[in-house]
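Q: I have a new model open and would like to learn how to read its features. Could we go through them together?

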Amino acid sequence: MSHKMEAWNERIREVESKGDLSPEALTLIHAMYEELEALTKQNFNLRKTALKATSRETRMSSKLKDALME
């Protein structure tokens with residue numbers, strides 16, 4: 001989990017401990033945090049997959065590249 005996610009989770013716990021919010025608001029905040037966690041994991045996996053896909057592409061040999069640059 002990223003540092004930012006941990007900080008948000010801590011802030012949620014602080015708000016919960018104060019008791020200033022209604023139960024409905026807390027439920028909504030928790031649902032939004034869970035969705036954010038899921039999207040963060042999905043983003044990480046998509047970035048990893050994209051990186052693998054680009055590294056598998058056929059690369060131009062250095063000799064061919066040098067010849068084209070001339």
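Q: How many of the 70 residues count as buried?

A: Happy to walk you through it! Buried means under 20% relative accessible area, exposed over 50%, and partly exposed in between, with a 1.4 Å probe and protein chains only. Here, 6% of the 70 residues of the chain count as buried. This is a predicted model, in which local features need pLDDT of at least 70, side-chain atom pairs count only at pLDDT 80 or more, and totals for chains, interfaces and linings use all residues. Residues are numbered from 1 along each chain as its sequence is written, and side-chain values use heavy atoms, with hydrogens and water left out.

Q: What is the pLDDT average of the chain?

A: pLDDT is the predictor's confidence in each residue, from 0 to 100. The chain averages 87, and 91% of the residues score at least 70. Among the elements, H1 has the highest mean pLDDT (92), while helix H3 (residues 62-69) has the lowest (77). Where pLDDT is low, the predicted coordinates should not be read in detail.

Q: Which secondary structure elements does the chain have?

A: Helices (H or I, at least four residues) and strands (E, at least two) are DSSP runs, numbered from the N terminus. This chain has 3 helices and 0 strands. The radius of gyration, taken over C-alpha atoms, is compared with a globule rule of 2.2 Å times the number of residues to the power 0.38. For this chain the radius is 23 Å, well over the 11 Å that the rule gives for 70 residues, so the chain is more spread out than a compact globule. Along its principal axes, the C-alpha trace spans about 70 × 15 × 15 Å.

Q: How far does H1 reach from its first C-alpha to its last?

A: The expected span of a helix is 1.5 Å times one less than its number of residues. H1, with 16 residues, reaches 23 Å, close to the expected 22 Å. Just after H1, Gly19 takes a positive phi of about 75°.

Q: Where is Asp20, and is this residue buried or exposed?

A: Asp20 lies in the loop between helix H1 (3-18) and helix H2 (23-56). Its relative accessibility is 63%, so Asp20 counts as exposed. From Asp20 to Lys63, 43 residues apart along the chain, the C-alpha separation is 68 Å.

Q: Why does Ser55 count as partly exposed?

A: Ser55, found in helix H2, counts as partly exposed because its relative accessibility is 45%.
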